[in-house]
Amino acid sequence: MINKLICAVLLMVVSSGCTSPSVSPPPADAVAESRTIIWTVIKEAEVNALNADLQAGKPTVDVGLYYPSNLHEDARAILPLEGLLEEFANAKRVFAPTGVQLNLLWVKTGAVDPGFLAINSASDRSQMPSGGYGNMHVQRSQTPSELSDGALAAFEGIIEPADNNSRTVYLLALQNVYMTFFENLDDTGRNWAPKVVNTSGLSFPSYMYGDTIPDRIRGVITLTKHDSKNKLTIAHELGHKLINVSHEYKAIGPQHEIRSDEGLMLYGSGSQIPSGKEGRWHQERLLLSPYLYRLDKTGKQIWNADYEAGGFYYDPLYGDYTIAFE
């Protein structure tokens, strides 16, 4: 049983990102020198068209998109801005059956420090092999991931201070975002080897990071590759952020790279967000997300309650909408 738990936790460590081809080698955890970024709002007509169907009173998520102007040309080729807008439009369709609507606040471009464009996702001090005690979500609450110094500097440098920072989701187009995890070599829990994954999307979800990410930047999602086939990377990563679950669907518990034609939270063409215990309470958890608000009759934003204990999977915010598993 312990060995199974160890394997499950390993899968959890890499459960919030998808692999993609490298554009540059993994960076050292260097911190880019802070400098002011001059952002310019672009694609206003496209943004207005995407938001044309928004309705007051419906649960809404605010999303901003940063697309650096100095991305390497090869990075732009695999992460075209038009492709991201296409994915956002598809994400709206995916979430629509749940009653949740996505509001694209703006698309901004500007030259960022080159040191921000390729980062490690987590610090070495928070990455270690599983201890095998408790299920993966229990372990994450005990030893949460922490941003690397480079990721922290990049996110704080890119995301502008604004009202409701902590309630807004920010899509950041970058060149490379690397995630390190440990692989159990002999199924004994004694021998491990570090592995590095180059992600195509990474949501930095609360079920892994808890409150180790400063509130102002906790809505960050990084993107490095456009899903030209299924157009689901943005929707999938929003699922991690808003539903606050790993790769799972109905009878399939949290695992890494589970492929299926069903379920938004699995890899593939599926886009279902199920409800009820059979559906692992995905819709119910989504509708409780702190990133959701409704506009009242005066146009004031009425926000959902915030997390009560860091936002881990078993946060009291979710009440009984959790799964107890080994």
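Partly exposed describes a residue whose relative accessible area lies between the buried range, under 20%, and the exposed range, over 50%. The legends below describe a predicted model.

**Figure 1. Asparagine 164 in the loop between α6 and β6.**
Helix α6 covers residues 149-158 and strand β6 covers residues 169-173, with asparagine 164 in the loop between them. The relative accessible area of asparagine 164 is 33%, so this residue is partly exposed. Its phi is positive, at about 65 degrees, although asparagine 164 is not a glycine. Most residues other than glycine have a negative phi.

**Figure 2. Helix α8 and its buried residues.**
Helix α8 spans residues 233-243. Eleven of its eleven residues are buried, so α8 is largely enclosed by the rest of the structure.

Asparagine 244 belongs to the loop between α8 and α9. Asparagine 244 is a residue other than glycine. Is asparagine 244 buried or exposed? Its relative accessible area is 0%, so asparagine 244 is buried.

**Figure 3. Serine 289 and its contacts.**
Serine 289 sits in the loop between α9, residues 282-287, and β10, residues 292-295. With a relative accessible area of 0%, serine 289 is buried, because buried means under 20%. Which residues does serine 289 contact when its neighbours within four places in sequence are left aside? They are Leu242 and Asn304.

**Figure 4. The whole protein, for orientation.**
The protein has nine helices and eleven strands. Of its 326 residues, 55% count as buried. The accessible surface comes to about 13600 Å², and carbon and sulfur atoms account for 51% of that surface. Among contacts between residues at least 6 apart in sequence, 74% join residues at least 24 apart.

Conventions: Residues numbered from 1 in each chain as written. Predicted model: local features only at pLDDT ≥ 70, side-chain atom pairs only at ≥ 80, totals over all residues. Heavy atoms only, no water. Helix = DSSP H or I, 4+ residues; strand = E, 2+ residues; numbered from the N terminus. Buried < 20%, exposed > 50% of the residue type's maximum accessible area, 1.4 Å probe, protein only. Contact = heavy atoms within 4.5 Å. Areas by Shrake-Rupley, 256 points an atom, 1.4 Å probe, with all protein chains shown as cover.
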